[in-house]
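The topics are grouped for reference alongside the coordinates.

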Amino acid sequence: MRSYQDLFRTPEFTPLFLASSAQTLARTTSGLALATLVHRETASPLLSALSMFGPSLAHVLGATLFLSAADRLPPRATMTGTALAFAAATAALALPGLPVTAVFAILLLTGLVASVGGGAGWGLLNEILPGGGYVLGRSAFNMMNGIMQITGFATGGVLVAVLSPRPSLLAAAALYLTAALIARLGLTRRPPRATGRPSVRATWRANARLWSSPPRRHVYLGLWIPNGLVVGCEALYVSYAPDAAGTLFACAAVGMLAGDVAVGRLIPPGRRRRLATPLLLLLATPYLLFVLHPPLPVAAALAAVASAGFGASLVQQERLMRLTPPELSGHAFGLHSSGMLTMQGTSAALAGGLAELTSPPTAMTALALTSATVTLLLAATAPKHRAATPA
């Protein structure tokens, strides 16, 4: 599989791609709207950051208790059901007068559902693409994420400015319904990838098996921590520029799109495997300059340059795929997704707390410095993990 055209000739790739596109557009539109709504009502950097990225914290519970369902439930039913759950939850968030505590209770539930849905989706992608096609397919999905984020943040910014956050939330709920319809009608019925009933014990057993391999542990830490800390920087866009946060998010999405195209399509595989560390350093370094409180055009350019470093995840995911047996592919990618999103939610909370005590630019710089330090430590310990034989 050599081109993006080959991907879209593959049965089921197109409906999976379209359903994921609708969900990404819904998630970005609703995230910006909800963060703006909470910021207007509370004026709190911490609460506005948590409203946008806090659901990610629930992924740690999902990964601990329910992740075995990613491989033990039929993929089509799982993806359709999760999209319907997101639609209902997003519509509930648009209710007038909803207390902040109720908002975060709903976000907790959506995070639990997403932990299973993510694993099911990425496991299905690995299943429908022939050997060697996963990185190209994931690159296409990442490109789509970038485009949908640009569209979602731009559209959400206009809706919030012209109307109010609540119409944006209702539009996002409609997009989630669209995703559910595409998944139900476009995907074929497939059996679960693994046998047995989903259970907490099965989840723990698979997590222990995945975590027992030193090479896989190293890949997971590289996927979770450096980019999670940088997402903490992004969580402060609303506090940094309350009236132009959509611009910062959209520019960051442009940079992420450029990085994914370069890594997934333009760079040869042999060279690509050596780029994880440089790309992770690129991801963090531009945010060090936010301590100078740059004006919006400069801040937007820095965000775009930094986000090209998210292409490192493609390199790391390719290695994770090589280290994981097929019957655990959905669980492995679900664990990756849940751990990454949990770290992002944790970093958003940390960033919001630091911004409350100092300022958004200072907090962004501190998290970026921590991200770069972690990347260098992981690079220093990588050789001994590569020498280990995966379990």
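The protein chain exposes about 15400 Å², of which carbon and sulfur atoms supply 69%; accessible areas come from the Shrake-Rupley method with a 1.4 Å probe, and for residues only the protein chains shown count as cover. This is a predicted model, in which local features need pLDDT of at least 70 and side-chain atom pairs count only at pLDDT 80 or more, while totals for chains, interfaces and linings use all residues. Residues are numbered from 1 along each chain as its sequence is written, and side-chain values use heavy atoms, with hydrogens and water left out.

**Overall form**

- The protein chain has 19 helices and 0 strands, where helices (H or I, at least four residues) and strands (E, at least two) are DSSP runs numbered from the N terminus.
- Its radius of gyration is 20 Å, close to the 21 Å that the globule rule gives for 391 residues, so the protein chain is as compact as a globular protein of that length. The radius is taken over C-alpha atoms, and the globule rule is 2.2 Å times the number of residues to the power 0.38.
- The C-alpha trace of the protein chain spans about 50 × 45 × 40 Å along its principal axes.
- Of the 391 residues in the protein chain, 58% are buried; buried means under 20% relative accessible area, exposed over 50%, and partly exposed in between (1.4 Å probe, protein chains only).
- Among contacts in the protein chain with a separation of 6 or more, 86% come from residues 24 or more positions apart, a contact being heavy atoms within 4.5 Å.

**Salt bridges**

- The count comes to 4 salt bridges, each defined as a side-chain nitrogen of Lys or Arg within 4 Å of a carboxyl oxygen of Asp or Glu.
- Asp6 pairs with Arg9, and their closest N and O atoms are 2.9 Å apart. Both residues lie in helix 1 (residues 4-9), separated by 3 residues, about one turn of the helix. Asp6 is partly exposed at 25% relative accessibility, whereas Arg9 is exposed at 58%.
- Glu12 forms a salt bridge with Arg190, with the closest N and O atoms 2.6 Å apart. Glu12 lies in the loop between helix 1 and helix 2, and Arg190 in the loop between helix 9 (165-186) and helix 10 (200-211), so the pair ties together parts that are 178 residues apart in sequence. Glu12 is buried, with a relative accessible area of 11%, and Arg190 is partly exposed at 21%.
- Glu41 is bridged to Arg166, the closest N and O atoms being 3.9 Å apart. Because Glu41 lies in helix 2 and Arg166 in helix 9, this pair ties together parts that are 125 residues apart in sequence. Both are partly exposed, Glu41 at 47% relative accessible area and Arg166 at 23%.
- Salt bridges that share partners join Glu12, Glu127 and Arg190 into one network.

**Cysteines**

- The count of disulfides is 0, a disulfide being a pair of cysteine sulfur atoms within 2.5 Å.
- Cys233 is in no disulfide, and the nearest cysteine sulfur, that of Cys251, is 16 Å away. Cys233 is buried at 0% relative accessibility.
- Cys251 is likewise in no disulfide and is partly exposed, with a relative accessible area of 24%.

**Surface patch**

- Val60, Leu61 and Leu108 form a nonpolar patch on the surface, with about 230 Å² of accessible area together. Patches are made of residues with over 30% relative accessible area and no salt bridge; like charges are joined within 9 Å, and nonpolar side chains (Val, Leu, Ile, Met, Phe, Trp, Tyr) within 5 Å.
- Val60 belongs to helix 4 (residues 59-65) and counts as partly exposed at 41% relative accessibility.

**Two buried residues**

- Ser68 is placed in the loop between helix 4 and helix 5 (69-72) and is buried, with a relative accessible area of 1%. Not counting residues up to four places away in sequence, Ser68 touches Pro198, Ser199, Ala202, Thr203 and His331.
- The C-alpha atoms of Ser68 and Asn145 are separated by 26 Å, the two residues being 77 residues apart along the chain.
- Gln23 is found in helix 2 (residues 13-42) and counts as buried at 12% relative accessibility. Apart from its neighbours within four places in sequence, Gln23 is in contact with Ala83, Phe86, Tyr176 and Ala179.
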